[in-house]
Amino acid sequence: MNILYFDTTQDWIQVLVVKESENTDLEILSEQTETTPKESSYKLVDYIRLGLEKAKIKKPDLIIVANGPGSFTGIRITVTTAKDLSQLWKIPVFGVDSLEAYLVGTKGNKIDKETSLLCLDGKQGKYYVKYKSENEFSDSFDMTPDTIESKIKTLEWTPNNWYYTGNLPKFYPLKALKIEATNLNLSSILKHSLKKYFKTEPNITDYLSLLPNYIRGTYVDHK
């Protein structure tokens, strides 16, 4: 099975084409990563075309995308493009939470053994946040710095690993790692996403079922 993955929910474009075979590791057919603030709208489709050409395939069998949270415009570009291609090619499409993808894709992260906290700069003085315990991921939240700091001070969240985008949060240690396009392992993200995809019912992997994960404005309860 040939799989196309892409993400423009942050200040970057990432496009990966891989071949997945039973009982074998993913074979990377093409991979493109570039930091492109505000350029995704006219570069993404061309990157996908180039990726497929390099992989020497006309169309994939499955599309997987990061569908947010993140940049409102970036999420819209990713999800709309994925839905359009899924409908055009008549293939399934699957969305994965961006924060979860970055936590499992950060190079060197011992995600299965340690706790982790990711605060993605959500602008407007808030963060998109996900906490990983030893056993599971939290939901993705839209939180103020004071709320996050309170969870840390009361030991509700006790991260071994600290990740962020944008500027270093004031409540973070200096050892925290800034997530950028160049320190994400797309193969790890795709392996994790495929495990979730294969557990999903086929009737909710069509283009009508792919929804953007904006969070902001939904007032998710994170208490």
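This is a predicted model: local features need pLDDT of at least 70, side-chain atom pairs count only at pLDDT 80 or more; totals for chains, interfaces and linings use all residues.

Colleague: Okay. What makes up the secondary structure of the chain?

Modeller: Five helices and ten strands.

Colleague: And how do you know whether the chain agrees with a compact globule?

Modeller: A compact globule of 223 residues would have a radius of gyration near 17 Å, and the chain has 17 Å, so the two agree. Along the principal axes, the C-alpha atoms fill a box of roughly 55 × 35 × 30 Å.

Colleague: What share of the residues counts as buried?

Modeller: That's 52% of the 223. Buried here means under 20% relative accessible area.

Colleague: What makes the largest nonpolar core a core, and which residues have the most contacts inside it?

Modeller: Its members are buried nonpolar residues joined through side-chain atoms within 4.5 Å. There are 29 of them, and Tyr5, Ile64, Tyr102 and Leu190 have the most contacts inside. Several elements each supply at least two residues, including strand 1 (2–7), strand 4 (62–66), helix 3 (98–105) and helix 5 (186–198).

Colleague: Which residues does Leu190 touch, leaving aside its neighbours within four places in sequence?

Modeller: Ile3, Tyr5, Leu16, Val18, Leu26 and Ile64. Each has heavy atoms within 4.5 Å of Leu190, so each pair counts as a contact. Apart from this core lies another, of 23 residues, among them Ile48, Val65, Ile77 and Leu210.

Definitions and conventions: Residues are numbered from 1 along each chain as its sequence is written. Side-chain values use heavy atoms; hydrogens and water are left out. Helices (H or I, at least four residues) and strands (E, at least two) are DSSP runs, numbered from the N terminus. The radius of gyration is taken over C-alpha atoms; the globule rule is 2.2 Å times the number of residues to the power 0.38. Buried means under 20% relative accessible area, exposed over 50%, partly exposed in between (1.4 Å probe, protein chains only).
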